[in-house]
Amino acid sequence: MGKTQHKSQAYTTKALAAAILTASAGFMNVSVNAEVANRDQMTFYIETGAATGTKTSGTVNPIGGYTYDAANDTWWTIGYGTSAQIRKLISDGEGGYVPAPLTYTDDFEGGYVYPTDWMGFISTTDQQNADTNYDWKSTTPIAGNILLNPTEITVQGKTYAPNSVAILTQSGGALNKDTANTADTKLVYLYDLREIGATQEVNGRDLNSNGIIDWEDVFVPIANKPAMNLAAGYDADYKESASMTYSPSWSGDGQSIYFVEQNRYGGVFQTNIATGEVKRIFTADSNTKIKSSVHQIQSSVKNLTGSLYEGDQLLVAGSSASDNVGGLDVLIDDGVTADEWSSYSLISADQLNDFLELGVNDEGEKIYSSIKAVTTDTEGNVYFRDGKRYGIFKLDTEGRLSKVASEREIESFQNENGASSSNANTFDFMTRKTSHDFENGVEDVTELLYSDPALKSVIGVKIFETGDFNRDNIVDSADIALFKDALQLRGVRGTDETEKFDLNGNASGNRLYNYKDSTHVFGIVDYKDVKLLQQFYAFNDGDANMDQNVDINDAIMLVENYGGTENTWITADFTGDDTVDITDAITLVNNYGTEATLAAPTITFDSASDTNSLLADSFELGPSALSLIVDLSSGEMKIVGDALLTVFSIKSDSGSLIADADGFQTPFMYLSNTVSEVAAMSFSGFDLSDALLLDAMFKPSGIQDLVFEYGLKGFSESFTGIVNIVPEPTSLALMFLAVPVLTLRSRSKQA
């Protein structure tokens, strides 16, 4: 892949044309068929109904949330709404999970906590005596989510071991704004994982001393409405309801939780589990509501802000309060503001718009994302669900964005597993380590777990290497062959079989898709996906066949398709406009013979930065005062700078002078290996105060280097720089085109 591999070849125009024809006769596209459905990474662990139970009407209860106890391989799930339950699920020994058998009945399908028990606690005004006031609750208890304690905690004088209790947040219900005592309104509370109705454990909490585990025994209030009111700057008896629907997160020390209140107060709050103290750590009022989960990651795992701060970092959806609506923020307590945490943009709204290709609305305004759920893994990779594309996406530790599962893939998986309707809302993210049987052996992989509203259960998605399309745990030429077979023109609708290759998830089964005003599309595998793939598999711009070499074969492909208007990357459209023209030729020549490298990641972790343009509009010539400017709209090329062009010369492979323009009105162009004349052009000293146009200047072949020497204005003639224009001979396949094609050599020298 070095730049000298074709040094021995020298082509005249006729010889070059013959070589192109000869090489193209044996050139063909490779077509590889394989199973490509991305749904092979998705697993249905808990059958519909097992996680939440069934209503008296026969319909399955919706799922409200879940948590997983890795140490005991146990799930805890909660239902949502009038039939809310808390259930424990254990392994069935065959890779699935079923409700744990109840000890006080023969029922294998029941919940540990039933709706009436739950409502009894939510509505109680005297828990000690199990007194309730059902008249003042406005709705049924709706839990936001459930978390197991990761470390030892102490609540009301009792110490609990890790994974022995759960903390729940309240999403709504149990508050009559006219009559309720706000002190009795529970917003954060503890559940001790015991089965209601079972025989009381020795030394277990038994408030009425009846020897039976009742609802008043298993729940412990943590934070109430007055605590939330005061934290948000309201009077203690403020009666508007609060809602914490989205998943909370534990602090790094495991002694408090963070959560978003998305209804009346707005912002991010922290509650100490031992004391019940509530603090608002980030303000987003009713006009700047945050509607997403919040997730804590330690800076020791991955520093997301680049600051010297050490401790908790909170991932949460961007808002107008952080000037990043449609992006993803990081909050840290860096001491900059006394009362609130500082916000940093991890992914800007514009970066997500570009990655997801959300486009613009009818008024020409950018459409911005809406992140709803976010989590991380043990390595510091970030996973989030977008509310516009309705898929699951990953930001890895190197700053590379990619799709985990698209809306279409999620909905297809739901339909294949008996869901009566499709719904790509995916909440309650968490990750765990699991294993996968690759063809080369069993390897550990990260698995993302999420609650599925259509299947009313929990789904697992194994996170394979981005670009590992054949699932062999390596990204190689076999994967690239599959990808090339799926590649289409920009915005062209694909099929279920192309979903896997859609690396930015702009597949959209039922949502608006803005590229070329299309709707109801899926499996979009095009130029954008090629550019994303370059971050995970090294091949440079201009590498049409993606063999990690920009060489004569790629030049042949460009020549064969030059002027065409229905081309993809593999037929030499390197700029994503479906055409092969001068800009593609420039791209190929500028990368000819270069060693394949991974493209730079989209996101940097030390600061939010806009995505770099895929096509640069100017190229600097090393330390010189000249620049080559390429106008991509017109194809015009020109040299600009503050210099006086004095000498035009031709140099050989060894650098020795073959001919120069000193004393010549018309300098000649020569083949460097034969010193025979092949072309000529008019040239003399040129005061480059504006620009020297290069259009139609020459069409040589076989020349090693064309060199402009210039003197800077105001300096002596001996101070010169060199601008080398043409590369080694084999890349001059492009010169066969009836267009001027130049590339740069970044050399300079001083006499």
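Visitor: Is Ala242 buried or exposed?
Guide: Ala242 is buried, at a relative accessible area of 6%. Buried means under 20% relative accessible area, exposed over 50%, and partly exposed in between, with a 1.4 Å probe and protein chains only.

Visitor: What kind of model is this?
Guide: This is a predicted model, in which local features need pLDDT of at least 70 and side-chain atom pairs count only at pLDDT 80 or more, while totals for chains, interfaces and linings use all residues. Residues are numbered from 1 along each chain as its sequence is written, and side-chain values use heavy atoms, with hydrogens and water left out.

Visitor: Back to Ala242, then. Where does Ala242 lie?
Guide: Ala242 lies in the loop that runs between helix 4 (225-231) and strand 14 (249-250). Helices (H or I, at least four residues) and strands (E, at least two) are DSSP runs, numbered from the N terminus.

Visitor: How far is Ala242 from Thr185?
Guide: In sequence, Ala242 and Thr185 are 57 residues apart; in space, the C-alpha to C-alpha distance is 9.9 Å.

Visitor: And the whole chain: how many helices and strands?
Guide: The protein chain has 10 helices and 41 strands. Of its 751 residues, 57% are buried. The accessible surface comes to about 29,900 Å², and 47% of that belongs to carbon and sulfur atoms. Accessible areas come from the Shrake-Rupley method with a 1.4 Å probe; for residues, only the protein chains shown count as cover.

Visitor: What share of the contacts joins residues 24 or more positions apart?
Guide: Among contacts in the protein chain with a separation of 6 or more, such residues account for 58%. A contact means heavy atoms within 4.5 Å.

Visitor: Let us turn to Asp573. Where is Asp573 found?
Guide: Asp573 is in the loop between helix 9 and helix 10 (582-591).

Visitor: What does the side chain of Asp573 reach?
Guide: The side chain of Asp573 reaches the backbone nitrogen of Thr575 at 3.3 Å. A polar atom of the Asp573 side chain also lies 2.8 Å from the backbone nitrogen of Asp578. Leaving aside residues up to four places away in sequence, Asp573 touches several others, including Tyr527, Asn567 and Asp584.

Visitor: Why is helix 9 described as largely enclosed?
Guide: Helix 9 is largely enclosed by the rest of the structure because 7 of its 10 residues are buried. Among them are Ile556, Met557, Leu558 and Val559.

Visitor: Which residue caps the N-terminal end of helix 9?
Guide: Asp551 caps that end, with a side-chain oxygen 3.1 Å from the backbone nitrogen of Asn553. Just after helix 9, Gly563 takes a positive phi of about 90 degrees.

Visitor: What is the phi of Met546?
Guide: Phi of Met546 is near 55 degrees, a positive value in a residue other than glycine. Most residues other than glycine have a negative phi. Met546 lies in the loop between helix 8 (527-533) and helix 9 (552-561) and is buried, at 2% relative accessibility.

Visitor: And Gln156: buried or exposed?
Guide: Gln156 counts as exposed, at 59% relative accessibility. Its phi is positive too, about 50 degrees, although Gln156 is not a glycine. The loop that holds Gln156 runs between strand 9 (153-155) and strand 10 (158-160).

Visitor: Now the strands. How many bridges join strand 24 to strand 25?
Guide: Strand 24 (residues 392-395) and strand 25 run antiparallel and are joined by 4 bridges; two strands pair if DSSP finds at least two bridges between them. Ile392 has Ala405 in strand 25 as its bridge partner. The two strands form a hairpin with 5 residues between them, and Gly399 in the turn has a positive phi of about 90 degrees.

Visitor: How many residues of strand 25 are buried?
Guide: In strand 25 (residues 401-405), 5 of the 5 residues are buried, so the strand is largely enclosed by the rest of the structure.

Visitor: Which strand is joined to strand 22 by bridges?
Guide: Strand 23 (residues 382-386) runs antiparallel to strand 22, with 5 bridges between them. Thr376 stands opposite Val382 in strand 23. In strand 22 (residues 371-376), 6 of the 6 residues are buried.

Terms used. A polar contact is a pair of N or O atoms within 3.5 Å; within protein, one must be able to donate a hydrogen and the other to accept it, and residues adjacent in sequence count only if both atoms are side-chain atoms.
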